[in-house]
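Please read it with the structure open.

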Amino acid sequence: MRFVSEYRRPDLARNVLREIEALVEPGCPVRIMEVCGGHTHTIYRHGLQQLVPPEVEFLHGPGCPVCVIPMGRVDDAIWLAEQPDVVLTTFGDMLRVPGKRGSLLEAKARGADVRMVYSPLDALELARREPDRTVVFFAIGFETTAPATAVTLLHARDEGIENLCVFCNHVTIGPPLRAILDTPGTLVEAFVAPGHVSTVIGTRPFDFIARRYGKPVVVTAFEPVDILHATAMILRQLRDGRCEVENQYTRVVRRDGNLRALDALAETMELRETFEWRGLGWIGESALRIRPELAAWDAEARFDLPARHEDDFKACRCGEVLVGAIKPVDCKVFGTACTPERPLGACMVSSEGACAAAYQYARPVSLTTA
Amino acid sequence: MCLGIPAQLVEIVDPAAKIAKADVAGVRRDVSIALCPEASPGDWVLIHVGFALARIDEEQARETLALLEQIGPQYEQELAELRAGTP
């Protein structure tokens, strides 16, 4: 595929690996955190950790928006799906995620009307076609996805479609990064920043990491050569004693982002005072809710949700995995009590979570069973 | 989740609703260009959950590839020069 396969070329990967080898100082570890599930997936799938010199270590941050939704919110979505005349729609990734009361897929098996959609516009189309039902869109995702929900809300308002509403769980990327940087003893020395979030917000929102915390940031695309390229750019910054926000994904990301998308977001949503992240706890101003002017399309305003708080499982160490303090294999329940089929913690619930990627691609295989 | 897929716009289907037909890896699908209204048929865009999020800049893409093609050889040339310069 164009703009994809070029960035998987083995000759280019070899070029960049040679550059990385020349830039690494032997014996000096460099810990780089990526904060996008897409990056985590690419690193595991293409075995990038094994290709780079041992001094370079990739840490996997809270970049999976499916993983970080707290169990109480999943339970609320299940409750919504069980209300009379409600059709609950959401992305496929969200269907298998367990709350305390099981997953949406299990609710569907019990008879709730739960449907997978590819786009929030599909939920809007469903509302047009089934005017007697209330179509609830369970919205998740970072700033990449939130503008799609925003445009859908504006369409619903402008067309007067009143049987659609949104259960808004959109989160923002900046505050969790700040939380990680403020964690005492954090090991992160540089960030591979998420390319697709940056198509919307631009590269400016990462400036505080370079200015205030003195750490290099490289906004990065998603193919293996891209991530190796960003690694080389980070190593060059460290060698030269620079800390800047650089853009590796110049083919798509502009410094100011997508102004039209930001306008649609500002018109429809506002920051919540605080939001709970599965595995990380409460983080101030880290999520979006629907503006009061659009309350008619806000599931939280239209329904009296149970909104019960549910604690994460005690044995699970996702919080430490998400800030890069431990590796997935360091957790006692990884691969035993916690598996992709029966996840206990945030990082195992979606294929983009650090533990699920480690389980799928990097599990040590026993010689006796292989 | 934040997956974006490169696609080429084929035609504008509904200018008022800002819907275009896009070729996504050989599959034709309607996408919204509400967030990227300057995109026109023939342009490459990045598709995320049914929306074109950004235009792909073909020149920038070529420049990155050219840079990546040069990185290794440059390094080797530098090494060669270093060796040649060592008494």
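The points below go from conventions to sheets, helices, domains and the chain contact.

1. **Conventions.** This is a predicted model: local features need pLDDT of at least 70, side-chain atom pairs count only at pLDDT 80 or more, and totals for chains, interfaces and linings use all residues. Residues are numbered from 1 along each chain as its sequence is written, while chains are lettered from A and ligands numbered from 1 in the order in which they are written. Helices (H or I, at least four residues) and strands (E, at least two) are DSSP runs, numbered from the N terminus.

2. **Five-strand sheet.** Chain A has an open sheet of 5 strands, ordered β2-β1-β7-β8-β9, with parallel pairing. Two strands pair if DSSP finds at least two bridges between them. The edges are β2 (56–60) and β9 (245–247) of chain A, and each pairs on one side only. On average, neighbouring strands of this sheet are turned by 25° against each other, direction ignored.

3. Strand β1 (residues 30–34) and strand β7 (residues 190–194), both of chain A, run parallel and are joined by 3 bridges. Ile32(A) has Ala190(A) in β7(A) as its bridge partner.

4. **Four-strand sheet.** A further open sheet in chain A has 4 strands in the order β4-β3-β5-β6, again with parallel pairing. β4 (114–116) and β6 (164–170) of chain A each have a single partner strand, so one side of each is left without a neighbour in the sheet. Here too, neighbouring strands are turned by 25° against each other on average, direction ignored. Strand β3 (residues 86–90) of chain A runs parallel to β4(A), with 3 bridges between them. Thr90(A) stands opposite Met116(A) in β4(A).

5. Helix α4 (residues 71–81) of chain A lies across β3, β4, β5 (134–141) and β6 of chain A, at about 140° to β3(A). α8(A) also packs on the sheet and touches β5 and β6 of chain A; its direction makes about 160° with that of β6(A). Contact means that the C-beta atoms of two residues, placed from the backbone, lie within 7 Å.

6. **α8 against α13.** Helix α8 (residues 146–159) and helix α13 (residues 259–268) of chain A pack at about 60°, with axes 8 Å apart. α8(A) and α13(A) are therefore oblique to each other (under 35 degrees counts as roughly parallel, over 145 as roughly antiparallel, 65 to 115 as roughly perpendicular and the rest as oblique). Their crossing is left-handed, that is, the near helix is turned anticlockwise from the far one by less than a right angle; clockwise would be right-handed. Residues in the contact include Ala150(A) and Leu154(A) of α8(A), and Ala264(A) and Leu265(A) of α13(A). By class, this contact has 9 nonpolar, 1 polar and 1 charged residues. Ala, Val, Leu, Ile, Met, Phe, Trp, Tyr, Cys and Pro count as nonpolar, Asp, Glu, Lys and Arg as charged, and the others, Gly among them, as polar.

7. **α1 against α12.** α1(A) and α12(A) pack at about 20°, with axes 9 Å apart. The two helices are therefore roughly parallel to each other. The crossing of α1(A) and α12(A) is left-handed. Among the residues that meet are Val16(A) and Ile20(A) in α1(A), and Leu228(A) and Leu235(A) in α12(A). The contact divides into 11 nonpolar, 2 polar and 3 charged residues.

8. **Hairpin.** Strand β11 (residues 274–277) and strand β12 (residues 281–284) of chain A run antiparallel, joined by 4 bridges. Trp277(A) stands opposite Gly281(A) in β12(A). The hairpin has 3 residues between β11(A) and β12(A), and Gly279(A) in the turn has a positive phi of about 90°.

9. **Domains.** The assignment for chain A gives domain 1 (1–313) and domain 2 (318–361); such bounds come from an automatic or database domain assignment. Their centres, taken over C-alpha atoms, are 18 Å apart. The contact takes 29 residues from domain 1 and 19 residues from domain 2 of chain A. On the domain 1 side, α2(A) gives the most, with 6 residues.

10. **Chain contact.** How many residues of chain A are in contact with chain B? There are 44 in chain A, in contact with 28 residues of chain B. α1(A) gives the most to the chain A side, with 7 residues. That side has 23 nonpolar, 12 polar and 9 charged residues.

Key:
Axes are lines fitted to C-alpha atoms, for helices over the stretch in contact, and angles run from 0 to 180 degrees between N-to-C directions.
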